[in-house]
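Subject: Handover of a structure and its findings

Dear colleague,

Please find the structure below, followed by an account of what was found in it. I would be grateful if you read the two side by side.

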Amino acid sequence: MATWIFYILGAVAVAATAMAVTRRNPVHSVIYLVNSFFALALIFYLLGAPLVAAWEVIIYAGAIMVLFLFIIMMLKLSPGEEADRQGPGPLQWLPVLLLGGALLGCTLLLLQLDPAGSQELPNWYASPRDFGYALFHEYALAVEIVSFQLLFAAVGAFYVGRSASRKERLGEER
Amino acid sequence: MIVPFQHLLILASIIFFLGLMAVLVRRNLIMILIGVEIMLNAAGLVLVGASALWQQLDGQVMVIFLMALTSAEVSISLAMVVYLNRRKKTVDVRAFDELRG
């Protein structure tokens, strides 16, 4: 049963991602991508990672994609206005499809060659308790470093996104 | 879960190359960032699958760090998109091809 659910979810994830890549309107892409992330979260749950599945929904689909939506709304990018009005034509798609298809084909061939890849995934479940223990005992230093990284990102985003200083505004008026 | 590890890797590589195609073909800065998101998610899928294969928690911990990295990357790069949009009034990458600040 779980096998069939995995294949259905995989097909949903690939289809939603393909739709997200090809939409002209960025808002539609973001919504399709949220769909794809839900499918991936369910796959994570099937692979025995319930906490990661929850965070995939909360952080990726909830926070990051909503941030994308905020920025798209802030920039007032409607499809007719600017930015990708026609979307990439066949002339742009052809080399990308050729290169990407060749790379994907080589990757799949490599996966076929590897005998270790055919072993089956075992039934396994990581309880949130074990997960929290591993995160805050074995990786405590890494957690601290990641918290610094988030702080630096917040400061950097504030610095880059601050409104123009008085001097620059005077320069624009001139 | 009775799926060979190979099928998980195949799924992850298809999603990864879809993201790569988005980065290569789209001319909208926001769509390029979305392509990067797709690629990072495919990497996370492989990490969780490897975690299940060897029954170790390290892969899942890596995914949490990957999420922290992604949120930091997205916040900075979207701030830069806003900044660039303020300078040139567009998010088309062809407007930013002249190596001038």
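pLDDT is the predictor's confidence in each residue, from 0 to 100. Helices (H or I, at least four residues) and strands (E, at least two) are DSSP runs, numbered from the N terminus. Among the elements of chain B, the mean pLDDT is lowest in H3(B), at 90, and highest in H2(B), at 92.

This is a predicted model, in which local features need pLDDT of at least 70, side-chain atom pairs count only at pLDDT 80 or more, and totals for chains, interfaces and linings use all residues. Residues are numbered from 1 along each chain as its sequence is written, while chains are lettered from A and ligands numbered from 1 in the order in which they are written.

Confidence

For the complex, the predictor gives an ipTM of 0.90 and a pTM of 0.87. Chain B has a mean pLDDT of 88, with 97% of its residues at 70 or more. In chain A the mean is 84, and 87% of the residues reach 70 or more. Within chain A, confidence is highest in H2(A), at a mean of 93, and lowest in helix H7 (residues 166–173), at 57.

Chain A

Chain A contains seven helices and zero strands, and its elements run α-α-α-α-α-α-α from the N terminus on. A residue is called buried if 20 or more other C-beta atoms lie within 10 Å of its own, exposed if 12 or fewer, and partly exposed in between, with C-beta atoms placed from the backbone. Of the 174 residues in chain A, 24% are buried. Two residues are in contact if their C-beta atoms, placed from the backbone, lie within 7 Å. Taking the contacts in chain A between residues at least 6 apart in sequence, 53% join residues at least 24 apart.

The expected span of a helix is 1.5 Å times one less than its number of residues. H4(A), with 24 residues, should span 34 Å, and its end C-alpha atoms are 33 Å apart, which agrees. H4(A) is hardly covered, since the count of buried residues in it is one. H6(A) has 22 residues and reaches 32 Å from its first C-alpha to its last, close to the expected 32 Å. The number of buried residues in H6(A) is one, so this helix lies largely in the open.

Where the chains meet

The contact between the chains takes 71 residues from chain A and 59 residues from chain B. Helices H1 (2–22), H2 (26–46), H3 (50–74), H4 (90–113), H5 (128–138) and H6 (140–161) of chain A each give two or more residues to the side that touches chain B. Which helix gives the most to that side? It is H3(A), with 11 residues. For residue classes, Ala, Val, Leu, Ile, Met, Phe, Trp, Tyr, Cys and Pro count as nonpolar, Asp, Glu, Lys and Arg as charged, and the others, Gly among them, as polar. The side of chain A that touches chain B divides into 52 nonpolar, 15 polar and four charged residues.

Helix packing

Axes are lines fitted to C-alpha atoms, for helices over the stretch in contact, and angles run from 0 to 180 degrees between N-to-C directions. Angles under 35 degrees count as roughly parallel, over 145 as roughly antiparallel, 65 to 115 as roughly perpendicular and the rest as oblique.

H3(A) packs with H3(B) at an angle of about 5°, their axes being 11 Å apart. H3(A) is therefore roughly parallel to H3(B). Residues making this contact include A:Trp55 and A:Tyr60 of H3(A), and B:Met67 and B:Val74 of H3(B). By class, the contact of H3(A) with H3(B) has 16 nonpolar, three polar and no charged residues.

The axes of H3(A) and H2(B) come within 12 Å and cross at roughly 175°, which means that H3(A) is roughly antiparallel to H2(B). Among the residues in this contact are A:Phe68 of H3(A) and B:Glu37 of H2(B). The contact of H3(A) with H2(B) has eight nonpolar residues, no polar ones and one charged.

Inside chain B, the axes of helix H2 (residues 29–54) and helix H3 (residues 58–88) come within 9 Å and cross at roughly 175°. H2(B) is therefore roughly antiparallel to H3(B). The contact of H2(B) with H3(B) divides into 13 nonpolar, six polar and two charged residues.

The loop between H2 and H3 of chain B holds B:Gln55. Phi of B:Gln55 is near 55°, a positive value in a residue other than glycine. With 14 other C-beta atoms within 10 Å, B:Gln55 is partly exposed.

Yours sincerely
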